[in-house]
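Hi there,

Here is the structure I promised to pass on. Have a look at it first, and then read on for what turned up in it.

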Amino acid sequence: MKKLITLSLATLTTLSLVACSSSKSSSSNGDSRSTSSKVASTQNEKNAKRVSKEFNTDGEKVVTTKIETNVVDDQSKTNKNGDQVPHESIKVLVTDKATKNKIKKDKAAIDNGSATYDQKMYILGIQETISNAAKKLNNKDTISFGYQEDSDNSVLVALSMKNKDVIQHVSI
């Protein structure tokens, strides 16, 4: 009899713990727009690999690509209720220090109005590559190219959607 009561209490305790832990994890998922387990679309995965191959040539790893799902930002469309609709974003970030320094220097020269023809062509080439890749995206998705300035900020050189370039191309 003692064993039966102990076994019943142990089972009851276990069930209580399982119930508490599962209700705790489901309530901690408050904002579904910022936490998501949605998998990126196959089209965007292929596009990210294609762009990565274009920049990572000759066996050098110059950039990394990352696809973020359920992004809500300035490029998000709004539905008829006025809510922003999440989209996917392909982020191409420069990881090679020499390339990052060159892009930083060229972008600063363009912003200052002192860029040479070669500096403008280098940045324009990046922007056109991103713009061409964007043509294969879904209407609401974005692709960006930039470098990490510090742990919280990145600087974008190119940002495009299927039908428009959010960051305007460098004029030659």
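A term to start with: helices here are DSSP runs of H or I with at least four residues, numbered from the N terminus. Please also keep in mind that this is a predicted model.

**Salt bridges**

How many salt bridges does the structure hold? There are four, and three of them are described here.

Let's begin in helix α3, which covers residues 97–112. Asp106 and Lys102 both sit in this helix, four residues apart, or about one turn. Their side chains form a salt bridge, with the closest N and O atoms 2.9 Å apart. Is Asp106 buried or exposed? Asp106 has a relative accessible area of 2%, so it is buried, the cut-off being under 20%. Lys102, at 35%, counts as partly exposed.

Lys104 also takes part in a salt bridge, this time with Glu149, at 3.9 Å from N to O. Lys104 belongs to helix α3 and Glu149 to the loop between β5 and β6 (154–161), so this pair ties together parts that are 45 residues apart in sequence. Both partners are partly exposed: Lys104 has a relative accessibility of 31%, and Glu149 has 38%.

Another salt bridge joins Glu68 and Lys66, whose closest N and O atoms are 3.4 Å apart. Glu68 is partly exposed at 24% relative accessibility, and Lys66 is partly exposed at 47%.

**Patches on the surface**

Which residues gather in a patch of positive charge on the surface? They are Lys46, Arg50, Lys135 and Lys136. You will find Lys135 in the loop between α4 (117–134) and β5 (142–148), and its relative accessibility of 48% makes it partly exposed.

There is a nonpolar patch on the surface too, formed by Tyr117, Met121 and Ile172, with about 320 Å² of accessible area together. Met121 is part of helix α4 and is partly exposed, with a relative accessible area of 36%.

**A buried serine**

Finally, take a look at Ser144 in strand β5. With a relative accessible area of 4%, Ser144 is buried. What is Ser144 in contact with, leaving aside its neighbours within four places in sequence? Its contacts are Ile90, Lys91, Val92, Leu156, Ala158 and Leu159.

Enjoy exploring it!

Best wishes

Technical notes:
Residues are numbered from 1 along each chain as its sequence is written. This is a predicted model: local features need pLDDT of at least 70, side-chain atom pairs count only at pLDDT 80 or more; totals for chains, interfaces and linings use all residues. Side-chain values use heavy atoms; hydrogens and water are left out. Patches are made of residues with over 30% relative accessible area and no salt bridge: like charges are joined within 9 Å, nonpolar side chains (Val, Leu, Ile, Met, Phe, Trp, Tyr) within 5 Å. Accessible areas come from the Shrake-Rupley method with a 1.4 Å probe; for residues, only the protein chains shown count as cover. Lys and Arg count as positive and Asp and Glu as negative; His and the chain ends are not counted. The place of a charge is taken as NZ of Lys, CZ of Arg, CG of Asp or CD of Glu. Helices (H or I, at least four residues) and strands (E, at least two) are DSSP runs, numbered from the N terminus. Buried means under 20% relative accessible area, exposed over 50%, partly exposed in between (1.4 Å probe, protein chains only). Contact means heavy atoms within 4.5 Å.
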